[in-house]
Amino acid sequence: MLWKTFAVTGMLLRAIFFDIDDTLYSTSEFSEIARSNAIDAMIEAGLSLPREQLLVELEEVIREFSTNYEHHFDKLLLRIPRRHYKGVNPAILVAAGVVAYHETKVRQLAPYEDAIEVLRLLSSKTNLILGVITEGLEVKQAEKLLRMRITPYLSPNAIFISNQLGISKPNPKLYQRACSDLNIKPVETMYVGDHPRYDIDPPNSIGMITVRMRRGGKYQGEEGETRPHREVQNFWDLLDYLRQEFMIQV
């Protein structure tokens, strides 16, 4: 295959990898809505505690057991005195939360409009490899890509999910593995992400070109040990950077 490459300060660009959460879509905004809908559904099903109190307790469960834990609502009920759902089968309450959460995915899990448009332009107008390097469970992260309808714009062999590879962020080996599997050099690749310590410092350490997406999210105010090559607030800013520094005209 003949590669079309783009030069910047003596380097070539052959691939762009993206983070998913708070980069391709607003994870923080979606999670807040989905969890709120789940709690409302559990209250409607018979859980008798104030909504705000339940939301605080659920956030505590998530902090303690991580976002990838699959039984948040079960743990939530274990922490609540049984009198607050007396006469109600707890399985019904858990199922109500799960159904509401997943229905929110169907309605509201969507990419940023500028993200999908820029990915469409890059995939149709260039020969760049477009991929994902993301932290999380393989099916959960893959589901996000499918629900957002982003996979048609990605190179099928360029989707790398940490749990699937046995390497988690911020280990630089995750980024090295992606480059190695595609037979490209780190200096020929770009990584776009929002987390300074997970998405900027590790790829910087192996020589990748790094772009920090700084449009919101829970890591907006944090800083890492190294600086990205560029900070952007949206995907149009990213496209301007590609045009200015890599002479990519789309």
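**Close-up views of a predicted model**

**View 1. Helix 1 against helix 4.** Helix 1 and helix 4 (residues 90–108) pack at an angle of about 145°, and their axes lie 8 Å apart in this predicted model. The crossing of these two helices, helix 1 and helix 4, is right-handed. On the side of helix 1 the contact is made by F30, I33, A34, R35, N37, A38, A41 and M42, which meet L93, V94, A96, G97, A100, Y101, T104, K105, R107 and Q108 of helix 4. Sorted by class, the residues in this contact of helix 1 with helix 4 comprise eleven nonpolar, four polar and three charged.

**View 2. Helix 1 against helix 2.** The axes of helix 1 (residues 27–44) and helix 2 (residues 51–65) come within 10 Å of each other and cross at roughly 125°, and helix 1 and helix 2 are therefore oblique to each other. The crossing of helix 1 and helix 2 is right-handed. Helix 1 contributes R35, S36, I39, D40 and I43, and these residues meet R51, L54, L55, L58, E59 and I62 in helix 2. The contact of helix 1 with helix 2 has six nonpolar residues, one polar residue and four charged residues. R35 is listed both in the contact with helix 2 and in the contact with helix 4.

**View 3. Helix 5 alongside helix 10.** The axes of helix 5 (residues 113–125) and helix 10 (residues 235–246) come within 8 Å and cross at roughly 30°, an angle that makes helix 5 roughly parallel to helix 10. By class, the contact of helix 5 with helix 10 has eight nonpolar residues, no polar residues and two charged residues.

View 4. Six strands form an open sheet in the order 5-4-3-6-7-8, and the pairing is parallel. Strand 5 (159–161) and strand 8 (230–232) stand at the edges, where each has a single partner strand, so one side of each is left without a neighbour in the sheet. Neighbouring strands of this sheet are turned against each other by 20° on average, with direction ignored. At the edge formed by strand 8, three bridges join this strand to strand 7 (residues 209–213), and the two run parallel. Within this part of the sheet, V211 stands opposite R230 in strand 8.

**View 5. K169 and the loop between helix 7 and helix 8.** The structure holds 21 salt bridges, among them one between K169 and D19, whose closest N and O atoms are 3.2 Å apart. This pair links distant parts of the chain, since K169 lies in the loop between helix 7 (162–165) and helix 8 (173–181), whereas D19 lies in the loop between strand 3 (15–18) and helix 1, 150 residues apart. K169 is also joined to P170 by a cis peptide bond, with omega at about 10°, and P170 likewise lies in the loop between helix 7 and helix 8.

Methods:
Residues numbered from 1 in each chain as written. Predicted model: local features only at pLDDT ≥ 70, side-chain atom pairs only at ≥ 80, totals over all residues. Heavy atoms only, no water. Axes fitted to C-alpha atoms, helices over the stretch in contact; angles between N-to-C directions. Helix = DSSP H or I, 4+ residues; strand = E, 2+ residues; numbered from the N terminus. Parallel < 35°, antiparallel > 145°, perpendicular 65-115°, else oblique. Left-handed = near helix turned anticlockwise from the far one by under 90°. Contact = heavy atoms within 4.5 Å. Nonpolar A, V, L, I, M, F, W, Y, C, P; charged D, E, K, R; others polar. Pairing = 2+ DSSP bridges. Salt bridge = Lys/Arg side-chain N within 4 Å of Asp/Glu carboxyl O.
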